[in-house]
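Have a look at the fold, then read on.

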Amino acid sequence: MTTHPKTACWRVCRGADGLVTAGVEPLGWDATSPPAAAEVIVRVEAAGFNYKDALCATGHPGVMRISPLVPGIDAAGTVVVGTVVAGALAAGSPVVVTGNGQGETRDGAFATFLRMPAAAVIPRPAALSAEGAMALGTAGLTALLACDRLAGLVATRHEVAGESWLVTGASGGVGMLAVAVLAATGRRVVACSRKPGAAATLRALGAAEVTTPDAIRDPTPKSLVKGRWAGVVDTVGGPLLADILRAVRPGGAVAAIGMAGGADLLTSVHPFILRGVTLAGIDAASLPTQAERAALWQRLADVWPRVAATFPVTRLALGDVGTWAARMLAGETSGRGVVIPG
Ligand SMILES: NC(=O)c1ccc[n+]([C@@H]2O[C@H](COP(=O)([O-])OP(=O)(O)OC[C@H]3O[C@@H](n4cnc5c(N)ncnc54)[C@H](OP(=O)(O)O)[C@@H]3O)[C@@H](O)[C@H]2O)c1
């Protein structure tokens, strides 16, 4: 086997004893030979760093389904040796690949080259550089999916001009992009973040108000409190989500995206049966079809110029993956990390 001289990846391995080891290694497969039928080899120019990747990088069995594994659920780059699919993906085509099991059940994007089924690869809109695409990545797709879902659920007859929409975990990748997307649709957005240092960026992205989890939590033990939120994009989960559900206005809806603050949800049925509140789950990894993803990427190409100057993006090398993962899981990062593997 001839191995391309510049191949490298960040690989994590869980031993039989449960011990997790990780680091930069050679890729271990030949990126210069033609791929198997219906597969495409992509030269990875940028890889988005998602919360899921941080879990994978630390060996979390819920994400790291095989061992060893290269994490990275989002990639942008160029087709190296490709199967031509519907005339769109000739060698040299700029592409994005998100989800489809990469970085979970098969090797992912934290590598110089990625091998994926052709059906998983989407042409990258011309307006998006690889780095710009990965600054958005699954976080951007998720923010759009959540905002679309809420727009369909919060019945117009319940929408009152000037009422507030809440985004939690607002300094994170999904949170910041949800603030920008909601604000662009004319909603009054309240961004909820534990980080005082993120306030200026959140306002620049369109938040009308920036608050903290402590300020919005209501200490009374009632199952319903004064309704404040028409719609909520929640990336935190756990006790904060349970608390927010009590304060959603009649006919309002919450998009449950994440679990950065906990996976358990201790609530009552009262918001649902006495206020008609909807709790809507968002799953960007497996639910959108490839056609829906391609359409969402076209919309992200419109979002990017509006946020590019404000949205904090940290460029990382493969060797930075472990440190960034630990910081992300500790809730210390803001915006998005983008790994430049080359
Ligand atoms: N459902 C889906 O399809 C989907 C897609 C993408 C991501 N996700 C999930 O969405 C969540 C956010 O993803 P992300 O990529 O935006 O991650 P991220 O960039 O790390 O943002 C998460 C944010 O949550 C807040 N946070 C972190 N730890 C917390 C804690 N212990 N208690 C309360 N808040 C905490 C922090 O915001 P503040 O400091 O500003 O409060 C942090 O910036 C993750 O759980 C991820 O797995 C789900």
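## Around Pro 125

Leaving aside neighbours within four places in sequence, Pro 125 is in contact with Trp 297, Gln 298 and Ala 301 (contact here means C-beta atoms, placed from the backbone, within 7 Å). Pro 125 itself lies in the loop between β7 (122-123) and α2. Helices (H or I, at least four residues) and strands (E, at least two) are DSSP runs, numbered from the N terminus.

For the cut-offs, a residue is buried if 20 or more other C-beta atoms lie within 10 Å of its own, exposed if 12 or fewer, and partly exposed in between, with C-beta atoms placed from the backbone.

## What kind of model this is

This is a predicted model, in which local features need pLDDT of at least 70 and side-chain atom pairs count only at pLDDT 80 or more, while totals for chains, interfaces and linings use all residues. Residues are numbered from 1 along each chain as its sequence is written.

## The overall build

The protein's secondary structure comes to nine helices and 15 strands. With a radius of gyration of 20 Å, close to the 20 Å that the globule rule gives for 342 residues, the protein is as compact as a globular protein of that length. That radius is taken over C-alpha atoms, and the globule rule is 2.2 Å times the number of residues to the power 0.38. Along the principal axes, the C-alpha atoms fill a box of roughly 65 × 45 × 35 Å.

Buried residues account for 49% of the 342. Of the contacts between residues at least 6 apart in sequence, 70% join residues at least 24 apart.

## Two domains

The protein is divided into domain 1 (9-124 + 312-339) and domain 2 (141-281), with bounds that come from an automatic or database domain assignment. Taken over C-alpha atoms, 30 Å separate the two centres.

Where the domains touch, eight residues of domain 1 are in contact with nine of domain 2. The domain 1 side of that meeting divides into two nonpolar, five polar and one charged. In this scheme Ala, Val, Leu, Ile, Met, Phe, Trp, Tyr, Cys and Pro count as nonpolar, Asp, Glu, Lys and Arg as charged, and the others, Gly among them, as polar.

## The ligand shell

Which residues come nearest to the ligand? Of the 31 around it, they are Gly 169, Gly 172, Ser 193, Gly 258 and Gly 331 (a residue is near a molecule or strand if its C-beta atom, placed from the backbone, lies within 6 Å of it). The shell divides into 13 nonpolar, 14 polar and four charged residues.

Domain 1 and domain 2 each give the shell at least three residues. Looking at helices, α1 (51-57), α2 (130-153) and α3 (173-184) each supply at least two.

Leu 177 sits in helix α3 and counts as buried, with 30 C-beta neighbours inside 10 Å. Beyond four places in sequence, Leu 177 is in contact with Leu 136, Ala 139, Gly 140 and Ala 143. The C-alpha atoms of Leu 177 and Ala 143 are separated by 6.0 Å.

Phe 311 is 134 residues from Leu 177 in sequence but 8.2 Å away in space, C-alpha to C-alpha. Its place is in the loop between α8 (290-307) and β14 (313-316), and Phe 311 is buried, with 24 other C-beta atoms within 10 Å. Again leaving aside neighbours within four places, Phe 311 is in contact with Ala 135, Met 176 and Gly 335.

## One side of helix α6

In α6 (residues 238-245), the buried residues are Leu 240, Leu 241, Ile 244 and Leu 245. They cover an arc of only 135 degrees around the axis, which puts them on the same side of α6; the arc is that of the directions from the helix axis to the C-beta atoms. Their packing partners include β8 (164-168), β11 (229-234) and β12 (248-256).

The peptide bond from Ser 67 to Pro 68 is cis, with omega near -5 degrees. Pro 68 lies in the loop between α1 and β4 (74-81).

Asn 100 has a phi near 60 degrees, a positive value in a residue other than glycine. Asn 100 is in the loop between β5 (94-98) and β6 (113-117).

Conventions. Contact = placed C-beta atoms within 7 Å.
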